[in-house]
Amino acid sequence: KTEVPILLGANTRVLKYSARLLRGPANTIKTLPSYLGPILHFEQGQKVRIFFYNQIAAPCITHWHGMHVPQIMDGHPMYAIDHGEQYVYEFEVNNPAGTNWYHPHTHEVTAQQVYRGLAGLITISDAIERKLALPDGEYDIPLIIQDRTFTADNQLHYALTMQQRMQGFLGNTILANGQHNPTIPVKTRAYRLRILNGSNARIYKLGWNDGSPLTAIGTDGGLLEAPQDFPYIMLSPGERVEIWADFSGRELGSELALKTLPYHGFSMNMGGRGMRGSQDRMNDGSRQGKEATIIRFAIQEQVSDSPQLPHILSPIQRFTEKDISNPNNTVPIAIGMHRMTFNLNNRTFNMLDYANLEKIPVNTLQRIRITNTTPSMRGGMRGRRGGGMMNMMAQPHPIHLHGQQFQILSRTPNYGDSTYAEVKDGFINHGWKDTVLVMPGEEVEIIKPFMDYTGRFLYHCHNLEHEDMGMMRNFFVE
Ligand code: C2O
Ligand code: CU
Ligand code: CU
């Protein structure tokens, strides 16, 4: 059994996870030179025990995002511990090879605890992945993307205006692994990039600065069946994507930059140009859809051989309609709003409460329909002020479900949403997912397994300000 104590330390402004290994393989913990938590590396089938010590002056609990673990190991907010207390996690790693992450899940303060530094990557490998001989070691690069706003004396700034409460916090500085606009030296060969959007609310439109396609090899829950090229990839908070980045054939001394490409924020476009202008001013240059360079790769060393991109990656058992346990009663997740607060199925979060529609029989495969019908879709408010209100309400929501990874069955977009055309080619609609971006007016159907474990498992918006405002519910698996 691998044992890892995780220590939550803090000075007043930055919080940090740290860990050391008590027992287990030496490569279990890799540190990143930043405020971010260490990378925990596990093998499929490995049994791990993690001692979580809370040394910050506030309650906290840690969740292993993407991992299929028993309910009491999942970091539900009802298990938050106080300063000086300890929570012992024990589970067997049964996820396939891929990139997951851990972060706090504390009631109503998840957004600020993550913002102040609490997040770390979990990498898992398995036998199938080892046979592929993907780039590893220094050629396997973790990339955690977050946005922050700094005060004049370079401290983290976190305060929500009314608009930020509705849209989520958008910082004006984009960080890669805790650094602003870093350049990393690379060789003329292939690399594996494990990208996590660890931001509170920012949605990235990832692309190379020279316009070449991005080659995806993995999604939230693991490797794809086969690599696939995308002109750009949309990555919303909580989502991961793994990229095959091949620098062979590139000129020594040249650079390639990974950017977030510009798009028109999200709006119903009912207020017209004037409204967009004023939205930008209110957001102080940090609006959603802002273009920025995230990280640069400097080609600095010539090498003669590089691993080849495998044609086939990892087999995925594809769920079909025939496998569904609830063909006649699809589970609804209806995104709505009441009194300037987003909700799910007309309810806001309550630690213990669940309705009939949220009871799920264990060991079933459920079809779930997520609908993003914000009030503006029904029309009503017009004119300049109305347009502004609608911009705030017609928002995309990254919906995350705890427990096992799901598959996307279908997407029914709202073509009246002018932003859709700018983002639609960047959705990866196959492979294992635990978070899906649902655009304004869109309906997404997924198939999700609920195997092995009973109890309360969360589903929520991974825009962390939305989560904290109560856009979260429990599935009661029994
Ligand atoms: Cu990454 Cu319930 O969260
Ligand atoms: Cu999660
Ligand atoms: Cu949301």
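1. Strand E21 (residues 255-260) and strand E22 (residues 292-301) pair in the antiparallel sense over six bridges. Strands here are DSSP runs (E, at least two residues), numbered from the N terminus, and two strands pair if DSSP finds at least two bridges between them. One of the bridges joins Glu255 to Ala298 in E22.

2. The model is predicted: local features need pLDDT of at least 70, side-chain atom pairs count only at pLDDT 80 or more, and totals for chains, interfaces and linings use all residues. Residues are numbered from 1 along each chain as its sequence is written, while chains are lettered from A and ligands numbered from 1 in the order in which they are written.

3. E21 and E22 belong to an open sheet of five strands with mixed pairing, in the order E14-E22-E21-E16-E19. At its edges stand E14 (183-187) and E19 (233-235); each has a single partner strand, so one side of each lacks a neighbour in the sheet.

4. Lys448 is part of strand E30 (residues 443-450). Lys448 counts as buried because 23 C-beta neighbours lie inside 10 Å; the cut-off for buried is 20 or more other C-beta atoms within 10 Å, with C-beta atoms placed from the backbone.

5. Beyond its neighbours within four places in sequence, Lys448 is in contact with Gln366, Ile368, Leu401, Gln404 and Phe406. Contact requires C-beta atoms, placed from the backbone, to lie within 7 Å.

6. Of the 478 residues of the chain, 46% count as buried. Among contacts between residues at least 6 apart in sequence, 78% join residues at least 24 apart.

Note on methods: A residue is buried if 20 or more other C-beta atoms lie within 10 Å of its own, exposed if 12 or fewer, and partly exposed in between; C-beta atoms are placed from the backbone. Two residues are in contact if their C-beta atoms, placed from the backbone, lie within 7 Å. Helices (H or I, at least four residues) and strands (E, at least two) are DSSP runs, numbered from the N terminus.
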